[in-house]
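Q: I would like to go through a structure with you, one part at a time. Could we begin with the terms?

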Amino acid sequence: MNKALNRLQRVLDLEASQGYKNKAVVGGIRQFATFWVGQAREAAVSEMDKALVEQVAEVLADYGRLPGTEARAKVIEQLQTKLRQRQEQEPEPAPAQAAPPSQLSQPKPERRPEPQTVASAPPPRTRAEAPSPAAQAEAQTAPAKNKKPGKWERRGARQAIEPDPEGLAQPVTAVRGIGPKLAEQFERLGAATIQDLLYLFPRRFDDYTLMKPIQKLVYGETVTVIGTIWETRARRSRNNQVIVQSVISDGTGKVQATWFNQKWLADKLKAGMQIVLSGKVEQYLGRPVFNSPEWEPVELDPLRTRRIVPIYPLTQGLTSNRMRDIMRSVVNHWAARVPDPLPASVRHRQKLESLPDALQQHHFPDSQHALHEARRRLIFDELFLLQLGMQNFRREWQSQPGVEVGVDTAVLTEFQNSLPYTLTDAQQRVIQEIAQDLAATTPMNRLLQGDVGAGKTVVAAAALLLASKAGYQTALMAPTEILAEQHFNGLQPLLAPFGLRTCLLTGSTSAAEKARIYTELATGELDLAIGTHALIQEGVTFHNLALAIVDEQHRFGVDQRQALRDKGLSGGDFSPHLLTMSATPIPRSLALSLYGDLDLSILDEMPPGRQEITTRWIRTRERERAYSFIRQQVENGRQAYIIYPLVEESDKVDAKAAVAEYERLQALVFPDLQVGLIHGRLSSSEKESVMRAFYEGKLNILVSTSVIEVGVDVPNSTVMLIDGANRFGLAQLHQFRGRVGRGAHKSYCILVADSDTPDATERLEALTQTNDGFALAEKDLEIRGPGEFFGRRQSGLPELQLASLLDMDMLKIAQTEAQAIAAEDPDLTLPEHQLLRQRVARFWQDAGDAS
């Protein structure tokens, strides 16, 4: 093979010296390639050499058609580089006295670090350094063994290494090769300590053991292919979306790869470049294609050893090769020193890997099976720790006695008879569930879920009435002043006929009015306080608070919830019953995992007569028609929302932005109308002011970002125009739609899409077909998965790196094991649970309130 490569090298050198005129050999480079490939194919033995021959053949066959000397020079230079790399990778002949391969492949015993030195990983080997013959032999033979005894041998070796929690807590700069500058880059990736590095998992893997030639691709399978880029071009779609397409060939066939809204790839993916593509094979016009595949430049080393290669998240200034070298040295040294907090009984019962083995194999797996088992262990850990935290929240909430509220069923009957409509079966069922909770001595902690317009307010009114008629005070807390006012105005007519004395307490309440309210709450003269965070300020004292209702629970943190709890009877000696209301539908499949510490009530039936909102999906070129429709609605006395995905324009995201569009709409499209602007960067008082102006009809059109997702009812608003609708989740789009249709007027939701990717199309079509929020939430979860469904941190749960809340089988297993542990040792005080206790605390420390 070396002879063929040397001949190729001489021809390439000659072509370069002649100025890339395709005259280095008679008949041109293509003619030489035809002759050379036949010889090289016969000489190639290893998979690496075979792949190299086919890639060279593909490039040289089209050399004469390349446009100009610059493109030809680049191709020749890349081929010369690959030949040099191949020569550098060529194994050196083993010395005569070398040990037999069977001995070389045995793992070396790991040496314990000297006591006086900080244990750290060896510096990563540079690419130019050739590995030793022993290392090469081990690399070539070890994957081929891939049998169980080797796995257990590895475990046996690790058992001798003592856990080192102090070493793991060291900053990343304790690792040799990581200085202050590199440490800053790792911190951007969320790794400040050595332990953090071990949990900085690969975002995907390139499996060189399962490579396929392009001609053998099968539609629907997820594969890795290696090839040379023939051409890359960028164009814009009818929706003005940037589309980058590359044609890749490996000598057996061609495949097209397409990326959306990543214009920079056109400059990155140059003709002649060899790349690895990983993704799902799809079909277009009868041909295999990749849509938005992962990609990386080809590396010869993993190709030679046929390894599964981790691809890590990167940040500016940190290359994939350097990242892999650092992670390999860290994992090899430190994974074995991680203490395993999982009780041995749980591990054996569930047939789980040890944590050191799982970490080692999840970073640098020996096989797909080893990766699967490692991932299974790490996923179990996340869900197990999640469920242990849930058990703790439930026990903590129930540790204080609740107020036993005597429920008068006659009051309920009288209340239902006073309503001008009949309650749905779902409303009656939920009221009974709440009544049973109120009558118990254990404090209620219930989540009431209902779609927009499902009738949560009347259920809340029934609960407030029951507690008040039993002689206790009640409170309802909302996240904004306008929402608090809305509840006050909605509950007053329902409760006033029963003699309930109600007050509204917000930040805008005058000092004199606040003083009066404080006094009457303390003496018990007021039955119901409705307000914002002002309800939990230090000056507020309740005479005998027995029921607190919180609207839109994810807007309140753990401290605020605790403050509300402390307002209970006898200065917090008794916990008030807590009812949380949410208008954000959460799929039933997630209810247990998200709110394992709460009891769940769902209003899954809409009151009769609730109007359907007409939903239409239009293209960007039809915007003007939508604007004309909005003008027509405003002329009829109605109001409209226009939603955008961004606050301000961004170079990274090709989408409309609220600030710029607001200025354009006010100046050019609706100059004679009153247009307002609201977004997340405004202060709370500024947002409140704009929202109030819209609520009071002073604004005709409100331009907004997603801050409007859950908010005040404006019965006069009839149009919701969502620009860039493909950029929002299905559940979020449904929440936007729920802002209209709150009054007697026919209402409309118009979706403007600037992309027609399959996922976006599926979401928007689903929205036009149904108004059922729970059905849409299930669909959204199916399309996007729980990470994107909730958004970072929105759920108040610890961030799950690997686990999916959709993995119901593993979730139930984790829940069962967590319940068993909590029953045996609720506070995790047993000696064998000390590591577990620390791990649970660390897992939950940065999370929001999940209760």
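Predicted model: local features only at pLDDT ≥ 70, side-chain atom pairs only at ≥ 80, totals over all residues.

Q: Then which residues does Ile178 touch?
A: Leaving aside residues up to four places away in sequence, Ile178 touches Val172, Thr173, Ala183, Phe186, Leu197 and Ile326.

Q: How many residues are in the largest nonpolar core, and which have the most contacts inside it?
A: That core has 54 residues, and those with the most contacts inside it are Ile178, Phe186, Leu197, Leu198 and Phe384. Among the elements that give two or more residues to this core are helix H9 (180-188), helix H10 (194-198) and helix H13 (320-334). The largest share, ten residues, comes from H16.

Q: Which residues of H9 are buried?
A: They are Leu182, Ala183, Gln185 and Phe186. Seen down the axis of H9, these residues fall within an arc of 160 degrees, so they line one face of the helix.

Q: What covers them?
A: The cover over the buried residues of H9 includes H10 and H13.

Q: And which residues are exposed on the other side of H9?
A: Pro180, Lys181, Glu187 and Arg188 are exposed there. Just after H9, Gly190 takes a positive phi of about 90 degrees.

Q: A change of topic: how many disulfides does the structure hold?
A: The structure holds zero disulfides.

Q: Is Cys503 buried or exposed?
A: Cys503 counts as buried because its relative accessibility is 3%, and buried means under 20%. Cys749 is also buried, with a relative accessible area of 1%.

How values were computed. Residues numbered from 1 in each chain as written. Heavy atoms only, no water. Disulfide = S-S within 2.5 Å. Buried < 20%, exposed > 50% of the residue type's maximum accessible area, 1.4 Å probe, protein only. Core = buried A, V, L, I, M, F, W, Y, C linked by side-chain atoms within 4.5 Å. Helix = DSSP H or I, 4+ residues; strand = E, 2+ residues; numbered from the N terminus. Contact = heavy atoms within 4.5 Å. Arc of directions from axis to C-beta.
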